Amino acid sequence: MSDAEEALVQEQLEALHDHHAEEHEDDIVSIALPAAEGEEDIFGLAGTAVDGTQWTVGDCEFRFPLQSISKVVTYALALEDNGRETTLRHVGVEPSGDPFHSITFDDEHQRPHNPMVNAGALVAAYLVHGDTADEKIARILDRMRAFAGAPDLEVDQELLADQLAAADRNLAISYLMRSLGMLTGDIEENLRVYLSMCSVRVTTCELSTVGATLANGGLNPLSGRRALDANHVRDVVSVMMTCGMYDAVGEWATDVGIPAKSGVSGGIVAVMPGRLGLATFSPGLDAHGNSVRGQAVFRELSARYGLHMFATPDQTRFGRLRRTGGPRLTRA
């Protein structure tokens, strides 16, 4: 990437951040985590390209819990541990059309609909290899560090304790799945694995690196460490595209057209294969549990800069410089 193109991307991201920083307050329905009350104005936007170039705008060093975004990494490791066919027998890849915490299943196949809803993520945690919950937690955490290029990532134990104390619905889902044969063993220990991953805190910049690692075929472009076997990257990114934005995924696929995963803490990570990862953080949520500002940023990226996966090359203007009428470079 040239210096001119790198500078142009920074300028474009700053313009997006400025545009949406003062917008959308009236669209916010909730702040999911009590600890985030009063943090509505925190807003980070970051990008990491597959060549390692990074851009940051706003509150990109603020740490927030991954929450449901962690499902991407747990599912990735479940795929690597068990293979595609075995994993698919236990958890499907179809959007459910229901909220992420719904107690609904794919009755035809006796499995959760997909790994991006709570039921599916609990099964994915169950599928990760390990003799104990602590071993599973350590393995998934190590994989998160590889994806983010952040060796110091840790589980926030205080947040984990709070989530375990309020886990009745996830326990209900788990016990029902065990009664149906979708899970076996210690339900509470499996829940601890899942919620431990939800309780890992990251920055927006680190989250964009997760996206870039997937965009780069599973190889972290900053550290050079492989976070996921390349054979499984397509499956992970495909499920993000079809199931990653809760029960608003159809609208997202149409309006934005970028594989992404959100979390109720306010983060969104997006993957543009072969190009870059983008991430936003803003804790104000809509009725589906997705960040209001984050969605607005990605909608503008798609509409204004042509980052929709089905955009034609002439529509894609993000970070591009076009020559017109001679050697002078003009911004597209």
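**View 1. Ser68 in the loop between strand E3 and helix H2.** In this predicted model, Ser68 lies in the loop that joins strand E3 (64-65) to H2; helices (H or I, at least four residues) and strands (E, at least two) are DSSP runs numbered from the N terminus. Ser68 counts as buried because its relative accessibility is 5%, where buried means under 20% relative accessible area, exposed over 50% and partly exposed in between (1.4 Å probe, protein chains only). Neighbours within four places in sequence set aside, Ser68 is in contact with Asn118, Tyr194, Tyr246, Lys261, Ser262 and Gly263; contact means heavy atoms within 4.5 Å. The unreviewed UniProt entry lists Ser68, Asn118, Asn170, Tyr194, Tyr246 and Val264 under "binding site"; such annotations may be inferred rather than shown by experiment.

**View 2. Asn170 in helix H7.** Asn170 is placed in helix H7 (residues 168-179). With a relative accessible area of 12%, Asn170 is buried.

**View 3. Crossing of helices H2 and H4.** The axes of H2 (residues 70-82) and H4 (residues 118-127) come within 8 Å and cross at roughly 45 degrees; axes are lines fitted to C-alpha atoms, for helices over the stretch in contact, and angles run from 0 to 180 degrees between N-to-C directions. H2 is therefore oblique to H4, since angles under 35 degrees count as roughly parallel, over 145 as roughly antiparallel, 65 to 115 as roughly perpendicular and the rest as oblique. On the H2 side, the contact is made by Lys71, Thr74, Tyr75, Ala78, Asp81 and Asn82, and on the H4 side by Asn118, Ala121, Ala124, Ala125 and Leu127. These residues of the contact of H2 with H4 divide into 6 nonpolar, 3 polar and 2 charged.

**View 4. Crossing of helices H6 and H8.** H6 (residues 157-165) and H8 (residues 187-198) have axes that come within 9 Å and cross at roughly 130 degrees. The two helices, H6 and H8, are therefore oblique to each other. Leu160, Gln163 and Leu164 of H6 make the contact with Leu191, Arg192, Leu195, Ser196 and Cys198 of H8.

**Notes.** Residues are numbered from 1 along each chain as its sequence is written, and side-chain values use heavy atoms, with hydrogens and water left out. As the model is predicted, local features need pLDDT of at least 70 and side-chain atom pairs count only at pLDDT 80 or more, whereas totals for chains, interfaces and linings use all residues.

Terms used. Nonpolar A, V, L, I, M, F, W, Y, C, P; charged D, E, K, R; others polar.
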